[in-house]
Amino acid sequence: MSQTETVKSKLFDTYSELLEKNLLEEMLEVGMPRTIQEGELLIDIGDELTHIPLILDGVVKIIRKDKHGCELSIYYLEPGDTCSISFANCINKKTSIFKGLAETEVHVLAIPVDLIDDWLVKYKSWRHFIIDSYHFRLLEMVETVDSLAFLKMEQRIWKYLTDKVKISNEVDLELTHQQIAEDLNSTRVVITRILKKLHEEEKIYSTRNRVRVLEFFE
DNA sequence: ACATTAAGTGATT
DNA sequence: AATCACTTAATGT
């Protein structure tokens, strides 16, 4: 099978449900097939977006860097995905705010940016595809934010405490901050701070080796 | 009184 | 939220 045949079959395999046939044919004409080796960058922060990669094969890890260079992986892109966040960028001819790293060997079809705009008008399925993937990406990001948010540990502690109250049928719990930390896979200092906050909010009363749950409703 | 362990805090990542 | 470094408070012997 020739290379273009391979690209064609992969493209149709993964996208024919999502995109109309005319669009896929046009993609084949204008797109440039590229292979990215594992560990290589598809795109780095600050790069100019000249093409949109349609992923045919492999996994791409999308990474965001903070000011200090600390990296946080935001989500993964797989076949059938494309980096929808980059659409806003390319329509306004901006540079990338994310880093895309090939987690495995990746095959993409690189679509020139200029066409993205035209296709939005020309193809209904393309519009849906873009909006859908934007939505999906957003949901994914909300999820990662949730798991990082401060609120989460506080909620986990609260659930932990009220569960204990239910089980023991006793609002006075004998436990140390250290024990809670171990159960919740956290650290003592973090627990101490959150318990102090709950104490100040008068949801609990805590002293050494003891936590009393004050606001408990079945 | 002294050692040990639990809890509080500020700064930093 | 986690880690570090250090302080302060409670307890046991």
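1. In chain A, 70% of the contacts with a separation of 6 or more are between residues 24 or more positions apart; a contact here means heavy atoms within 4.5 Å. Please keep in mind that this is a predicted model, in which local features need pLDDT of at least 70, side-chain atom pairs count only at pLDDT 80 or more, and totals for chains, interfaces and linings use all residues. Residues are numbered from 1 along each chain as its sequence is written, chains are lettered from A, and side-chain values use heavy atoms, with hydrogens and water left out.

2. On the overall make-up, chain A has eight helices and 10 strands. These are DSSP runs numbered from the N terminus, with helices being H or I of at least four residues and strands being E of at least two. Of the 218 residues in chain A, 35% are buried. Buried stands for under 20% relative accessible area, exposed for over 50%, and partly exposed for values in between (1.4 Å probe, protein chains only).

3. The accessible surface of chain A is about 13,200 Å², and carbon and sulfur atoms contribute 52% of that. The areas come from the Shrake-Rupley method with a 1.4 Å probe, and for residues only the protein chains shown count as cover.

4. Now to the charged pairs. Side chains of opposite charge can pair when their charged atoms come close. The structure holds nine salt bridges, each defined as a side-chain nitrogen of Lys or Arg within 4 Å of a carboxyl oxygen of Asp or Glu.

5. One of these joins Lys10 to Asp57, at 3.0 Å from N to O. The two are 47 residues apart, with Lys10 in helix H1 (residues 3-15) and Asp57 in strand E3 (residues 51-57). Lys10 is partly exposed at 22% relative accessibility, and Asp57 is also partly exposed, at 30%.

6. Lys122 belongs to helix H4 (residues 113-122) and Glu26 to helix H2 (residues 21-30), so the pair ties together parts 96 residues apart in sequence. Lys122 is exposed, with a relative accessible area of 53%, whereas Glu26 is buried at 16%.

7. Asp172 and Arg212 pair up too, their closest N and O atoms being 3.0 Å apart.

8. Finally, Glu154, Lys197, Glu201 and Lys203 are joined into one network by salt bridges that share partners.
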